Amino acid sequence: MDHEPAFFETSPKPGVVGMPLNRVDGRDKVMGKAKYSAEYPLPGLVYGVLKTSAIAKGRVQSIDTSLAMKEPGVLQILTHLNLPKLAKTPNDPEGKKAIGAPMGFLPLTSDVIYYAGQPVALVVADTFERATQAAALIRVNYAAEAPIAAYTDKRAQIFNPEKIQDGKADGYTRRGDARAALAGAPIKMTAVYTHAINHHNPMEPGATTAIWEAPDRVTVYESTQGVTRTQKALSAYLGLPQDQVRVITKFLGGGFGCKGSCWPHTVLTVQAAKMVGRPVKLVLTRPQQFTSMGHREDQTQTLTLGASKEGKLLALIHEKTSTTSPWDNYAEANSKIINLLYECPTFESHYELGRANVMTSTFTRAPGEAPGSFAIESSMDDLAYQLGIDPIEIRLRNYAEKDPSTGQPWSSKSLRQCYARGAELFGWSKRNPKAGVTKNGRLLVGYGMATASYPVHNSQGTARVRLYADGHAVVQAGATDLGTGTYTVMTQVAADSLGLAPDKIRFELGDTKLPTAPNSGGSVAAGTVSSSVYMAAQDVWERLTKMAIKDPKSPLFKAKAEDVAMENGRLQLKKDASKGEDFKALMKRAGIDDIEGSGQGKYGSGYEAGQSAANASDAHKDEAGKHSMHSFGAHFCEVQVDPDLGTVRVTRWVSVHGAGRILNAKTARSQIIGGSIFGIGAALMEATARDPHYARYTNADLGDYHIPVNADIPDMTVEFIDEHDPYINAMGVKGIGEISMVGVSAAVANAVFHATGKRVRDLPITPDKILGTKSA
Ligand code: MOS
C-alpha cells in the first residue's frame with residue numbers, strides 16, 4: 001500500500017497507518033473474551049428489570065407491589081413512591097443542562113406518564129427470571145388520557161423551537177432572498193418528503209452494571225459512546241464530584257447515536273444498586289430498547305427549488321416538521337447539508353416541531369445529513385430528468401467551489417474525483433438516460449447516484465503515552481470503540497508515532513480514569529483521538545530529546561532540540577542521521593524504565609496553534625480556522641425492481657469518498673459498507689409503526705422491524721480518494737462513521753425512479769408504494 005507524505009513535518013513517518021491491519025481486538029471478540037458492559041460477574045451481583053407503562057399519557061393512580069415483593073429472591077422495587085432523591089434531575093432547565101440534552105425527563109420522579117414504555121417500576125431480584133416474574137405481578141392503576149401520537153395529529157401543538165431571526169442556524173436560516181429568486185426562476189419545483197421513525201437497534205442493547213464501592217463512590221459499566229459524558233451526567237444526578245463516579249466501557253456492540261446520552265435506565269440502575277447495597281445489572285429488552293434510548297424522528301420535509309433552464313440552482317427553500325416528546329425540543333438539523341451541498345445564491349429554511357406522547361428522539365447516524373440529503377438529492381435527480389441532463393452533470397453544474405453557507409473555502413474537497421471514480425467503477429456511462437426502459441428479463445433495472453457530505457465537527461481530547469525502555473508502550477485515551485476499530489487504528493497511529501511495531505503497543509480506552517476524550521459521536525473520534533495520541537508521542541520525543549542533548553554520553557550532546565528528529569524510534573540529527581541513538585539506549589543510560597508524555601489533539605476549526613500541528617507555520621495556523629471542513633463522497637446504486645410484486649433489490653453498490661487520511665484501509669471499508677447498509681435499511685425497510693390512537697409501537701422487535709440481512713445486500717465496492725487536508729488536525733483525519741450513510745436513501749430512490757419512472761418520496765420504499773397508484 002502506498003504511503004503518503006506526512007501532513008506536518010513530524011506527523012508519523014510512513015509505517016502501519018493506513019494499512020489494512022486486522023482488528024487488534026478481533027481475537028478476543030471471537031473467543032468471547034471481550035467483556036461488554038453486562039458481562040462483569042461481580043460478587044453479589046443482582047438483576048434489575050424494568051416494568052414499563054402500558055399507556056402513553058396520564059397518571060399512575062396507584063401501584064401495588066405487594067404481590068411482587070413476596071416473590072422469592074425479590075430484594076427491592078423502585079417506584080415513584082420510593083426513588084431516593086437525586087441532587088439534580090433533567091426535569092428542570094438547570095438540571096437538564098447539567099445532565100445533557102436531549103434526555104430531558106427522568107421517570108419515577110412523579111406519577112405522570114408521558115409515553116408508552118416509560119418505566120413505572122424497577123424490580124431487583126437475585127436472578128433475572130425472578131425479577132421478570134415479579135415485574136409481571138406489579139399491579140398499576142392508570143388514569144389514562146387520550147395521547148397524541150405524532151405531529152400529524154391535528155391536536156398536536158406545532159411550534160418553532162427557535163426565535164425566528166436571520167442567520168439562525170437551526171430554527172430559521174436565511175441567505176439572500178430565496179422567495180424573490182424563486183419568483184424569477186424559469187424552473188420551479190416543490191416536493192414533499194417523509195421519513196419513517198427509525199430505531200438504531202445496536203446488536204448490544206442498553207446495559208448498565210452499577211456497583212457502589214462506598215456510600216459516595218460508584219463504578220458503572222455502561223454501554224455508552226462516551227464514558228465522560230455519562231460520568232458528567234451521573235455526577236450531576238447524584239451530586240457527587242466527577243472523580244467519585246467512574247464509568248467504564250471496554251467494548252460496545254454498536255451505538256449509532258442512541259448511546260450518545262445518559263438515559264433513564266442508567267440512572268435508575270445506579271439508584272437501585274445504592275438502595276439494595278449490591279451491584280445491580282440491568283439490560284434493556286429489545287422491545288424496551290425502542291422506548292428507552294431515542295430514535296430518528298418521523299418527519300416531513302418540503303423542498304422547493306428554483307433553477308435556470310441550464311439546471312443552475314437559483315433558490316432553495318426547505319421546511320421541516322417533526323415529532324418531539326412532551327419535554328424536549330430535539331430535531332435533527334436537516335437543512336445544514338441542503339445549504340452547503342451546491343452553489344446556490346439564495347437559501348431559506350425553517351423547522352417546526354409537534355409535541356406528542358413519545359419518548360424523545362435523538363441523534364441517529366448522520367443526524368440531519370441523512371434525511372436532509374434524501375430531500376436535496378432526490379430533488380436534484382428530479383431536476384436532472386426534467387431538464388434532460390445527466391444526474392452527475394447537473395451536480396457538476398452546481399458544484400460548490402467554496403462553502404455556500406459560510407462563503408469560506410473548503411479545507412479540502414475531492415467530490416469531483418469521487419463522482420468520476422464512482423462513475424467509472426460503476427459503469428455509469430452504460431446507463432440509458434430514459435427511465436423505465438432498462439430490463440433484466442422481467443425485472444426493471446435502474447441506476448441511481450447521490451452525493452454525500454458530513455462536517456468535521458469541532459472537538460478535542462487528551463491522550464497519554466508511556467514509553468518503556470524495553471521497547472513497548474502503553475497508550476491511553478478515554479475514548480470508545482463502537483465496534484468500528486478505534487483500538488486498532490489508535491494502535492497503528494501510536495506505532496508510527498513511536499517508531500514501534502503495532503504488537504509493541506497496548507492501547508487502552510473506555511474508562512473515565514484515562515485522559516478525557518470526546519464522545520464517539522459526530523464522527524469525531526478517529527480525528528480527535530489519533531491527533532491526541534500523535535501529540536502525546538511528540539511530547540515523549542521532546543522529553544527524550546531534552547535528555548539527550550544534556551547527556552555528555554549521547555551522540556546528540558549539545559545539539560539544538562529543533563535539529564533533532566525521531567526516525568523509527570531513533571533520535572537523530574535531521575541533517576546527519578548517523579548522529580543519534582535509539583531511545584532504549586538513552587533511557588537505559590539515564591536509568592529510567594519509562595517515560596510519559598501527554599498531548600491534546602484538536603479537530604475541526606477549533607484547531608489552535610501548537611496544539612494540533614506542532615510544526616505548522618503561523619500563517620498556516622491562522623488559515624486553518626478560516627476554512628469550512630467537510631468530507632464528501634458519492635454513492636452509486638443499481639436496483640432491480642419486480643414490476644408485479646413491487647419488490648426492490650439492490651444489486652450493485654459503489655461508494656467513493658474523500659475523507660482525509662484513512663487510518664486503516666480494512667476497517668474504513670467496513671465502516672462505509674456498514675453505513676451504506678444502514679442507509680439501504682432506511683431506504684427500503686426500516687420503519688417503526690406508532691399506533692395513532694395509543695401512541696404505542698406495534699413492531700418493537702427485530703422480527704417485525706425489518707433491517708437488511710446478508711441476502712439483501714450485494715458485494716459492495718468502496719474506494720477512497722487520496723486526500724491531504726492540512727487544516728483539520730495533526731493527522732489529517734476527517735472521520736467516516738456518518739458520511740457512509742449520507743445520500744444512500746436518495747441513491748436508492750433515484751435508482752428506483754430510473755427503473756420504474758416512479759418517484760417515491762416516502763421512506764421506506766416498500767412494495768405498496770411501488771405498486772400503488774399514488775405517484776408524484
Ligand atoms: Mo452519532 S449519531 O453522532 O453517534
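Author: Buried means under 20% relative accessible area, exposed means over 50%, and partly exposed lies in between (1.4 Å probe, protein chains only). This is a predicted model: local features need pLDDT of at least 70, side-chain atom pairs count only at pLDDT 80 or more, and totals for chains, interfaces and linings use all residues. Residues are numbered from 1 along each chain as its sequence is written, and side-chain values use heavy atoms, with hydrogens and water left out.

Start with the cysteines. Cys-262 counts as buried, because its relative accessibility is 4%. Cys-418 is buried too, at 0%. The model has zero disulfides (pairs of cysteine sulfur atoms within 2.5 Å). For Cys-262, the nearest cysteine sulfur belongs to Cys-258, 13 Å away. For Cys-418, it belongs to Cys-637, 17 Å away.

Helices (H or I, at least four residues) and strands (E, at least two) are DSSP runs, numbered from the N terminus.

Zoom in on Val-639. Contact means heavy atoms within 4.5 Å. Leaving out residues up to four places away in sequence, Val-639 touches Val-748, Ala-751, Val-752 and Ala-755, among others. Leu-444, Val-445 and Gly-446 are also among its contacts.

Helix α17 is mostly covered. Of its 20 residues, 14 are buried.

Asn-334 lies in the loop between β15 (313-324) and α9 (335-340). Asn-334 is buried, since its relative accessible area is 2%. Beyond four places in sequence, Asn-334 is in contact with Gln-299, Gln-301, His-318, Lys-320, Gly-368, Pro-371 and Gly-372.

Finally, confidence. pLDDT is the predictor's confidence in each residue, from 0 to 100. The protein chain has a mean of 93, and 94% of its residues reach 70 or more. Residues 1-11 stay under 50, with 36 contacts beyond four places in sequence. Residues 606-616 also stay under 50, with 28 such contacts.
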